[in-house]
Amino acid sequence: MLSRAGRTTEYRIIIPMTDRIYLDWNATTPLRPEARQAMAMAWDLPGNPSSVHAEGRQARRVVEDARAAVAEAVGAQARGVVFTSSGTEANALALTPGLRRGALVGRLVVSAIEHASVLAGRRFPADEITRIPVTRSGVVDLHGLETLLFSAGPALVSIMAANNETGALQPVREAGEIVHRAGGLLHVDAIQALGKISFNINDLCADIVTLSAHTIGGPKGVGALVLAEGVEGLDPLLRGGGQELGRRAGTENVAGIAGFGAAVRAATAAREADAARLETMRERLEAGLKETPGTIVFSEDVPRLPNTTLFTAPGLRAETAVIGFDLAGIAVSSGSACSSGKVQPSHVLEAMGFGANLAQGAVRLSLGWSTSEADIESCLMAWRKLANTLLKGQRNTA
C-alpha cells in the first residue's frame, strides 16, 4: 500500500479463479506461457525501438522478430505487417478509401455478419457502404456479392474468415476471385481464424488481413494489419513519427508485440492437434445440448471453427442463461464480447433471417487449449439444470 499527497493507493493481487470453467475463448484467451515469458523479457528492455543506440536496436530486434512471426503465420512478407493497438484499430486502418492495387476503390461492401468495427465503415461515407446478404446458415451469399460488385465500380470488400458468434467459415477465396475480377480489393478479418484453422493471405485471394493477439493466447491491446504485395494507399489513422514505415505513428508496444509474436508461434505449432481435440469435444457438447427438446445449434450444417457453438432453446433469454452458467462457475457469452454487455438481439442471427426472439436467446460456448472433457460434462450438467428450470417455467405459464 502506497501513500502520496494524503491519498492511499492499494494494490491488490489478483488470484486466478482456478475453480471456475472458462468457455468464452472467442472473447479472449488466457495468456500463453510463451507469451508471458517473452513479455517479461521485453519489459526489461530500456530502449525505444526507434532509437539508433544499442538499447534501441535491441528493442527493435524484438519488434522485428515478432513481425516476422506474424507474417510467417499468414504467408505474408514481414514488411507488410503493421502493428496496432487492437483488432478494431487494424480494421479501421484497413477500411481506407484510397487503397489501390491499380485502380482506386471508392466504396465499401461488407458482409452483414461482420464485427461492429467493420460494419461501422470507418472512413467511408455512409452512402458508399453496402452490405452483402448471408444465407440461413450464416455464409456470405456469393451470388449477391457478384451482383453488387458488377452493378457499380470497383469496391473494397470486407468478409471475415470465420464468424465470431457462429464460427461459420466464410468462402473467402471464392469471394476474393469475384472481387478481383470486378477490379476491387478484399479485406479479411481473420481474428477468429488465426491459430484455429490454416490459411494463407495469397491462398485466400486477400489483399489485406487483420489480426489480434488476445484471441490466440497473446496479450490484450495488440493487433496487426497485414498487406499483400502490391497494395498501396494505406492512409494512417495516427500521424506523427515515422513508426511502422509511416503507416501507424506512435512508439511501438514492445512488450505486447513480443507477446504477440510468441503467441502466434505457439498457436500455429499446436493448431492441428488442438483443432482435432476441440472438434471432438464440441460434438459431444452439442449432442448433450440437443437432448433438450427444441434446441437449435446455429450454422451446424456448414463448416465451422472447431471450438465454437452458438445455440438457443425455446423461450431462452441469453442474459438469463449467461447469469445461470456464471452462478454455476462457468463463463460463457451471449455473442460478441464487444456487445454482449448490451441486451439486444444478435445482428448476426438477424442477418441470417432469425427473428428477434431467437436472436435474443443465443448463447455462445467457445473452447480452448485447456478445455477438458470434465469441463464439457460440467457445462452440460449446468445446462440440464437451466433447461429444466426453463421448461418448468414454461409449463407453469401455459
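R20 is partly exposed, at a relative accessible area of 26% (here buried means under 20% relative accessible area, exposed over 50%, and partly exposed in between, with a 1.4 Å probe and protein chains only). The model is a predicted one, in which local features need pLDDT of at least 70 and side-chain atom pairs count only at pLDDT 80 or more, while totals for chains, interfaces and linings use all residues. Residues are numbered from 1 along each chain as its sequence is written, and side-chain values use heavy atoms, with hydrogens and water left out.

R20 has a salt-bridge partner in D326, with 2.5 Å between the closest N and O atoms (a salt bridge puts a side-chain nitrogen of Lys or Arg within 4 Å of a carboxyl oxygen of Asp or Glu). Since R20 sits in the loop between β2 (7-9) and β3 (21-22) and D326 in helix α8 (residues 318-327), the pair ties together parts 306 residues apart in sequence. Helices (H or I, at least four residues) and strands (E, at least two) are DSSP runs, numbered from the N terminus. D326 is partly exposed too, at 39%.

The structure holds 22 salt bridges in total. Another one joins R79 to E229, the closest N and O atoms being 2.9 Å apart. R79 belongs to the loop between α2 (54-74) and β4 (81-84), and E229 to the loop between β12 (223-227) and α7, so this pair ties together parts 150 residues apart in sequence. E229 is partly exposed, with a relative accessible area of 42%. E232 and R100 also meet in a salt bridge, at 3.7 Å from N to O. That pair links distant parts of the chain, with E232 in the loop between β12 and α7 and R100 in strand β5 (residues 100-101), 132 residues apart. Then there is a network of salt bridges linking R60, E64, R67, E244 and E252.

Now to the sheet. It is open and antiparallel, with three strands in the order β13-β14-β16; strands pair if DSSP finds at least two bridges between them. β13 (296-297) and β16 (363-366) are the edge strands, each with a single partner, so one side of each has no neighbour in the sheet. Strand β14 (residues 308-312) pairs with β16 over four bridges, and T309 stands opposite L365 in β16. Helix α7 (residues 254-289) packs on the sheet and touches β13, β14 and β16, contact meaning heavy atoms within 4.5 Å.

What covers β16? Both of its faces are covered: V363 and L365 on one side, R364 and S366 on the other, are all buried.

Conventions. Axes are lines fitted to C-alpha atoms, for helices over the stretch in contact, and angles run from 0 to 180 degrees between N-to-C directions.
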